[in-house]
Amino acid sequence: LALNAESAHAIKQVVDIPVICVGRINTPRVAEFVLETDKADMVSMGRALHADPEMPNKARAGDLEDIAPCIACNIGCIGTVVQGKHATCIVNPAAGREREMALVPVDKPKHVLVAGGGPAGLEAARVAALRGHKVTLCEKEEKLGGQSNIASVPPFMQEISQLIQYLSTQARKAGVQVELGKEVTPELIDERKPDVLIVATGAAPLIPEALKGVDRDNVVTAWEVLAGHEASLAGKVVIVGGGLVGCETADFLAQTTDNLGVAPTHVTILEMRDRLALDGNSEARHLLMDRLREKQVDIMLKSKADEIVEGGVLFTKDGHEVSVQGAEYVILATGAKSADNLSAAARDKGL
């Protein structure tokens with residue numbers, strides 16, 4: 001945070017004009033720290049005000065828990081602009097569309113049942129409640145957050161957890177009734193009889209059933225590893241899939257300062273394409289690649305996994321059959337699929 005503060009301070013020592021500091025100054029507390037420690041005379045905020053344009057007013061009123069946090073994902077702001085598209089924000093869906101997405105009170109409140117307590121479910125519940133609906137949100141796990149809880153585990157991803165804290169607080173303050181450890185089933189729909197069902201049950205790991213040996217005991221998913229599976233303590237692993245999930249999992253495993261195992265884990269990534277993490281934004285991708293190189297992660301590009309065996313993976317690279325041996329676990333990071341077993345049943349019930 002405030003990564004340019006020391007540079008601003010050094011410049012301030014040799015000039016006699018006001019110095020403004022910018023760069024990851026994303027909360028009122030960070031801004032006050034920069035000013036109170038005399039690092040700069042003023043601070044500038046960009047993405048933080050994109051996430052919540054009302055931040056200064058909320059800070060003045062002391063409503064710090066109501067400030068939507070910028071989580072530095074760069075997906076909706078920088079990521080879309082560099083593609084020639086309009087800026088958006090995954091934390092603030094109304095960014096740039098404030099009139100279109102203004103929260104208008106409803107004439108006839110309905111009973112809304114939300115299935116899933118991840119970011120999508122919490123945001124949907126919050127908005128519905130603010131518009132005047134009676135909203136119940138059911139989450140099958142014992143805590144809110146969904147995939148965000150594991151997405152915040154890899155290095156430099158911790159700010160993601162702030163989003164769940166914010167959305168949980170806002171949903172509660174909007175009057176949403178939250179039920180943890182409660183899965184929405186067709187039977188529960190019959191019991192609660194909602195007027196509307198919002199399905200926000202997210203996704204599940206995509207398991208490549210055609211890959212031989214995928215059902216072996218030494219196979220786990222990246223999701224399980226980030227959630228605390230013992231594979232995170234292994235001495236050597238192979239990750240099948242070099243997208244963002246696979247690369248961030250490798251970043252987490254390959255160094256003891258990030259993964260609290262007894263020793264560094266030797267990681268090999270197998271990726272079919274010719275580059276890694278193509279689903280990530282370019283601003284963060286090159287930093288991630290630098291870390292993987294520094295942590296000596298073995299990267300095998302244009303490599304197709306053929307079979308998972310005891311101690312490793314057989315794969316094809318440049319038309320040749322190759323293998324990685326000596327691995328305690330094979331970690332699947334092969335994508336995700338929709339986890340929706342409710343929509344069809346709800347339609348059958350006329351919802």
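Predicted model: local features only at pLDDT ≥ 70, side-chain atom pairs only at ≥ 80, totals over all residues.
The protein chain has 351 residues, of which 42% count as buried. Its secondary structure consists of 13 helices and 16 strands. Taken along the principal axes, the box filled by the C-alpha atoms is roughly 70 × 60 × 40 Å. When contacts between residues at least 6 apart in sequence are considered, 64% of them join residues at least 24 apart.

In general, the strands of a sheet pair through backbone hydrogen bonds, in either a parallel or an antiparallel manner. Here the order is S5-S4-S3-S6, and the pairing is parallel. Strands S5 (177-180) and S6 (196-199) stand at the edges; each has a single partner strand, so one side of each is left without a neighbour in the sheet. From one strand to the next, the twist averages 20°. Strand S3, made up of residues 111-115, pairs with S6 over 4 bridges in the parallel sense. Within this part of the sheet, Leu113 stands opposite Leu197 of S6. Helix H6 (residues 119-130) lies across S3, S6 and strand S4 (134-139), and runs at about 165° to S4.

Helix H6 also takes part in a pocket. The second largest pocket has a volume of about 570 Å³. It is lined by 23 residues, and those closest to its centre are Asn92, Ala94, Leu103, Arg126 and Tyr166. At least two lining residues come from each of H6 and helix H8 (160-174). The largest share of this lining, 3 residues, is supplied by H6. Sorted by class, the lining of the second largest pocket holds 13 nonpolar, 8 charged and 2 polar residues.

The volume of the largest cavity is about 90 Å³. Among the 15 residues that line the largest cavity, the closest to its centre are Cys70, Cys73, Cys77, Cys89 and Ile90. The lining of the largest cavity divides into 10 nonpolar residues, 4 polar residues and 1 charged residue.

Helix H11 (residues 244-253) is mostly covered, with 8 of its 10 residues buried. The buried residues of H11 are Gly246, Cys247, Glu248, Thr249, Ala250, Asp251, Phe252 and Leu253. Both helices and strands contribute to this cover: it includes helix H10 (222-226), helix H12 (282-294), strand S9 (236-240), strand S10 (266-270) and strand S15 (329-332).

Most residues other than glycine have a negative phi. Phe156, by contrast, has a positive phi, near 70°, and is not a glycine. Phe156 lies in the loop between helix H7 (148-151) and H8. The relative accessibility of Phe156 is 61%, over the 50% cut-off, so Phe156 counts as exposed. Lys193 is not a glycine either, and its phi is positive at about 50°. With a relative accessibility of 63%, Lys193 counts as exposed.

How values were computed:
Residues numbered from 1 in each chain as written. Heavy atoms only, no water. Pairing = 2+ DSSP bridges. Axes fitted to C-alpha atoms, helices over the stretch in contact; angles between N-to-C directions. Contact = heavy atoms within 4.5 Å. 1 Å grid on protein atoms, 1.4 Å probe; cavity = no way out; pocket = protein on both sides within 12 Å on 5 of 7 lines; lining within 4 Å. Points joined across faces, edges and corners; volume = space filled by probe spheres on them. Nonpolar A, V, L, I, M, F, W, Y, C, P; charged D, E, K, R; others polar. Buried < 20%, exposed > 50% of the residue type's maximum accessible area, 1.4 Å probe, protein only.
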